[in-house]
Amino acid sequence: MGKMIYSILKAAEDPGQLPAVLSGMRGISDADFHEVSYDDITAVVCDVQRAGLVTDRSATMDYAGVIDSLFKDFTLLPVRFGSVMESEGEIRNMLERNHIEIQKNLLKVEGKVEFGLKVFCDTEKLKADRSIEPEGTIKSVNDAEAGQKNQVYMDYVKKKLAEYRLEESVLSYVNSVIKEITECLTGVEATGKFKKMASPANIIDALFLIKKEMTAELIRVVKDLQTRYPDLNFMLTGPWPPYNFVDVTIS
Amino acid sequence: MNENVIDRSRDITILEVLDRVLNKGVILTGDIVISVADVDLVYLGVKLMLSSVETMEQLKSGKH
């Protein structure tokens with residue numbers, strides 16, 4: 001038997017609030033939740049049989065659902081699914097050892113929500129629109145004295161150069177879109193993370209941490225961006241607990 | 001918007017949930033106990049999803 005940790009949260013001003021919320025929820029394998037606290041931070045845990053812990057549909061979704069429910073009432077740090085410790089004492093020691101780091105992260109995400117923004121694009125069309133011819137400097141070497149062997153080599157180099165320039169051009173376009181998104185989000189005061197070319201179609205995979213009250217403004221900005229870039233498709237998801245803005249690794 | 005389009009967008013939302021729950025958050029190294037079984041894609045049903053009609057149509061046609 002172990003203790004599965006769902007999240008670490010900041011203690012509420014009303015000490016009765018968390019027990020009241022937890023009393024209406026069930027953990028993995030229908031177990032009761034309980035709290036393990038140190039100072040002003042609390043881990044929400046439930047008993048679990050290590051051997052029976054499986055990432056099936058209901059377990060994973062129920063796990064996310066519990067964190068979502070807690071997130072409505074508390075500032076929290078989600079804990080990765082499957083994090084199990086032996087006993088309450090071990091968890092309390094973990095909270096004590098990492099107290100400063102946990103507090104720092106709780107402060108960073110307090111009153112904030114995470115959003116994901118994926119930007120999709122028909123990359124083949126984008127490449128076709130931005131197709132670039134190899135420059136003449138290559139051709140100047142390609143004279144009659146080059147011979148058949150050199151010709152094969154030069155054709156290869158020209159092809160590779162064209163591919164490189166095309167990739168560079170597409171990346172430059174992606175960078176310009178990211179710059180535009182960043183500028184448009186200035187008023188939202190978002191902390192952002194951008195991943196370029198997550199897949200051939202998904203040219204931008206972004207994450208934002210914003211104040212809860214800025215949600216409507218973020219949606220307005222994304223709608224505006226969609227209007228400005230009709231060839232791109234913007235997909236916004238959220239609000240999420242701050243999964244991607246937690247920086248705590250516990251050994 | 002037909003049901004297939006909605007199903008595809010639900011799948012994407014579920015992938016977002018799984019990516020977060022399984023890969024993000026506070027990490028306790030050495031204490032992860034997971035075995036994978038039957039990870040079906042279902043809709044959690046609590047998330048906002050904002051997307052253009054074009055996106056939905058492309059999802060419908062399987063371009064993404």
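Okay, let me start with B:Val26, which counts as buried because it has 25 C-beta neighbours inside 10 Å, and the cut-off for buried is 20 or more. Bear in mind that this is a predicted model. Where does B:Val26 sit in chain B? It's in the loop between helix 1 (3–23) and strand 1 (27–28) of that chain. And who does B:Val26 touch, once you leave aside neighbours within four places in sequence? Chain A residues: A:Ile8, A:Leu77, A:Pro78, A:Val79, A:Arg80, A:Val246, A:Val248 and A:Ile250. Compare B:Glu16, 10 residues from B:Val26 in sequence, with 17 Å between their C-alphas.

Now over to chain A, and two helices there. In helix 3, residues 88–97, the buried ones are A:Ile91, A:Met94 and A:Leu95. They span an arc of only 100 degrees around the axis, so they end up on the same side of helix 3 of chain A. The buried residues of helix 3 of chain A pack against several elements of that chain, including strand 1 (2–10), helix 4 (99–109) and strand 11 (249–250). Turned away from that buried side, you've got A:Gly89 and A:Glu96, both exposed.

Next, helix 8 of chain A, residues 215–228. Its 14 residues reach 20 Å from first C-alpha to last, close to the 20 Å expected. Which residues of helix 8 of chain A are buried? A:Leu218, A:Val221, A:Val222 and A:Gln226. Looking down the axis of helix 8 of chain A, the buried residues fall within an arc of 140 degrees, so they line one face. On the other side of helix 8, A:Ala216, A:Asp224, A:Thr227 and A:Arg228 are exposed.

How values were computed: Residues numbered from 1 in each chain as written. Chains lettered and ligands numbered in written order. Predicted model: local features only at pLDDT ≥ 70, side-chain atom pairs only at ≥ 80, totals over all residues. Helix = DSSP H or I, 4+ residues; strand = E, 2+ residues; numbered from the N terminus. Expected span 1.5 Å × (residues − 1). Buried ≥ 20, exposed ≤ 12 C-beta atoms within 10 Å, placed from the backbone. Arc of directions from axis to C-beta. Contact = placed C-beta atoms within 7 Å.
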